[in-house]
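Biologist: I'd like to learn how to read salt bridges and cavities in a model. Could you walk me through an example?

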Amino acid sequence: MDITYYPFRDSTNTISGVISNTRDITDRKLVESEQQFTLSLLKVLHEENDRRGLARRVTELMQEWSGCEAVGIRLQKGEDFPYFETKGFPERFVEAEARLCAIDQNGQVIRDQEGTAVLDCMCGCVIRGFFDIGLPFFTELGSFWTNSTTDLLKSMRGREQFLQLRGHCHAAGYESVALIPLQSGNKRIGLLQFNDRRKGRFDERSINMFERLASNLALGFLQCDTAVVLRDSEEKYKSLVNS
């Protein structure tokens, strides 16, 4: 709240009271906060030209700005999408969630009818774009979020298999979870994850904010890949010329 006080004078010009003007500036401060963070993110995207450096600095920024206990980035590696960078997650959690590819009893990757590797859990649904906007925990862009994994699992009881839920986040004590796809155009290269043991950490506004930031981040990773290809091409060209 922004409160301004104005003196009230009587007929003898003596201050006999004050008039207050109260203005809610919460929305303005939120907009300013997003603008400042977006500028910081764009600065990092401009300065970093390799994936590792970009991911490390972004997770640190995201954790500090969001106030969430843990932040992670999953990026594609082969057919899987392991954690590429994390901040705040226990090492045992990262190890347990290292891979998303579903495995059968023989240790072989399970594939769909088109031969694509099946990805487990809600992370897999977000990355593959398998979502239903009719469900309250999905956004129109395919992000997932909940302020209570306890309540979510209760509401999904008997339907866990439908979403290949593994329940590792809940088992680790995380209540608030948000999974934001890293997408550029129609290409999904991974996801951005926010976890917190406290309930009620997110709202629609913050999720929309995460989605806008994730879009910039996805573009940044693709630019890093392009830079690597260009550097490799330049080195090969120089070697050819020197030969």
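Modeller: Gladly; we will look at salt bridges and then at a cavity. This is a predicted model, where local features need pLDDT of at least 70, side-chain atom pairs count only at pLDDT 80 or more, and totals for chains, interfaces and linings use all residues. Residues are numbered from 1 along each chain as its sequence is written, and side-chain values use heavy atoms, with hydrogens and water left out.

Biologist: How many salt bridges does the structure hold?

Modeller: Side chains of opposite charge can pair when their charged atoms come close. A salt bridge here is a side-chain nitrogen of Lys or Arg within 4 Å of a carboxyl oxygen of Asp or Glu. The structure has nine. In one of them, Arg197 meets Glu69 at 2.1 Å, N to O. That pair links distant parts of the chain, 128 residues apart.

Biologist: Are Glu97 and Arg74 buried or exposed?

Modeller: Buried means under 20% relative accessible area, exposed over 50%, and partly exposed in between, using a 1.4 Å probe and protein chains only. Both Glu97 and Arg74 are buried, and their side chains form a salt bridge at 3.9 Å, N to O. Arg197, by contrast, is partly exposed at 36%, and Glu69 is partly exposed at 27%.

Biologist: Which residues lie nearest the centre of the largest cavity?

Modeller: On a 1 Å grid over the protein atoms alone, a cavity is a set of points where a 1.4 Å probe fits but cannot get out; lining residues have an atom within 4 Å of a point. Here 18 residues line the largest cavity, with Cys121, Met122, Leu165, Gly167 and Cys169 nearest its centre.

Methods: 1 Å grid on protein atoms, 1.4 Å probe; cavity = no way out; pocket = protein on both sides within 12 Å on 5 of 7 lines; lining within 4 Å. Helix = DSSP H or I, 4+ residues; strand = E, 2+ residues; numbered from the N terminus.
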